[in-house]
Amino acid sequence: TVSSTQNAVSSNQNLENLTFSADEIGQLEFRLNSENIAFRPSDDGQIHIRYCTRDDVTYTAYQEQSAASDGLGTLVFTRKDTSNSAQLFHFGIEYDDDRADVQVALPKGLSVDVLTASGNMEFSGVTIATLSVSTASGDVDLTNVQADELTVGTTSGDVDLEHTTVSGETNLETTSGELDL
C-alpha cells in the first residue's frame with residue numbers, strides 16, 4: 001500500500017526515508033533540479049527513497065493512478081523551492097560516504113523516468129523495464145544495469161555506460177558532453 005502524499009520539510013538538514021510497496025507501482029518519476037541521485041537494487045522488494053531535507057526545499061512523493069490495463073500506478077517524487085529567493089543551483093550534500101542527495105532502492109522490473117536540470121545520476125546494479133533520463137548539464141552513469149529500453153539525453157552532461165545491457169531500443173544523445181560506452 002502506498003500513502004497518497006508524503007511531505008518533508010526540515011529546519012536543518014536531516015535524512016528522510018520513505019518506503020513504498022512495489023505491488024501497486026509500475027513506474028517511478030523523479031522531477032528534480034540540481035540534486036544528485038543514485039539508484040541501487042532494493043534488498044527487500046520495496047521502493048525506498050532517502051533524501052536530505054533542506055530549509056528552502058520541500059520534497060513530495062505521491063501516487064498517480066494509471067489508466068493502463070495493468071492497473072499499476074506511477075510514483076512521482078518532486079521538489080518545490082520554498083524560499084523567497086531564487087536559487088539556481090544546489091551543490092550536493094555528502095552523507096554516509098555517498099555523494100547523492102537522493103538515494104533510491106529499486107525492486108526489479110519498474111520503469112523509471114528522471115528529469116533534472118543539473119543533477120548527476122548514477123544507476124548501479126539495477127534491472128529496469130524502461131529507463132528514460134533527461135538532464136541539461138548533469139552526468140549520467142550506468143554500471144551493471146539491465147534494461148528493456150533505454151533513453152538518455154543530455155545537453156552538456158557526460159554519459160557513461162559500463163557493463164550495461166539493453167534488450168530493446170536504445171537512444172543516447174548528448175550535445176556537447178562525452179559518450180563512453
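Glutamate 29 counts as buried, at 17% relative accessibility, where buried means under 20% relative accessible area, exposed over 50%, and partly exposed in between (1.4 Å probe, protein chains only). The model is a predicted one, in which local features need pLDDT of at least 70, side-chain atom pairs count only at pLDDT 80 or more, and totals for chains, interfaces and linings use all residues. Residues are numbered from 1 along each chain as its sequence is written, and side-chain values use heavy atoms, with hydrogens and water left out.

**Exercise 1. Confidence and overall composition**

Determine how confident the predictor is in the chain, and state its secondary structure.

Step 1. The mean pLDDT (the predictor's confidence in each residue, from 0 to 100) is 84, and 82% of the residues reach 70 or more.

Step 2. Two segments call for caution. Over residues 1-12 pLDDT stays under 50, and the model has 36 contacts beyond four places in sequence for them, a contact being heavy atoms within 4.5 Å. Residues 85-97 also stay under 50, with 30 such contacts.

Step 3. The chain has zero helices and 17 strands; helices (H or I, at least four residues) and strands (E, at least two) are DSSP runs, numbered from the N terminus.

Step 4. Of the 181 residues, 45% count as buried.

**Exercise 2. The salt bridges of arginine 31**

Identify the salt-bridge partners of arginine 31 and describe their surroundings.

Step 1. A search of the whole structure gives four salt bridges, each defined as a side-chain nitrogen of Lys or Arg within 4 Å of a carboxyl oxygen of Asp or Glu.

Step 2. Arginine 31 pairs with glutamate 29, their closest N and O atoms being 3.3 Å apart. It also pairs with aspartate 113, where the corresponding distance is 2.9 Å.

Step 3. Arginine 31 lies in strand E3 (residues 25-31) and aspartate 113 in strand E9 (residues 111-116), so this pair ties together parts that are 82 residues apart in sequence.

Step 4. Arginine 31 is partly exposed at 27%, whereas aspartate 113 is buried at 19%.

**Exercise 3. A salt bridge from a loop to a strand**

Where do glutamate 35 and arginine 79 lie, and are they buried or exposed?

Step 1. Their closest N and O atoms are 2.3 Å apart in a salt bridge.

Step 2. Glutamate 35 is in the loop between E3 and strand E4 (37-41) and arginine 79 is in strand E7 (residues 73-81), so the pair ties together parts 44 residues apart in sequence.

Step 3. Both are buried: glutamate 35 has a relative accessible area of 0%, and arginine 79 one of 12%.

Step 4. Elsewhere, salt bridges that share partners join Glu29, Arg31 and Asp113 into one network.

**Exercise 4. Core and loop packing**

Step 1. Isoleucine 49 belongs to the largest nonpolar core, of 36 residues; Phe30, Ile49, Phe77, Val112 and Phe123 touch the most other members. Such a core is a set of buried Ala, Val, Leu, Ile, Met, Phe, Trp, Tyr and Cys residues joined through side-chain atoms within 4.5 Å.

Step 2. Valine 145 is in the loop between strand E12 (140-143) and strand E13 (146-154), and is buried at 1%.
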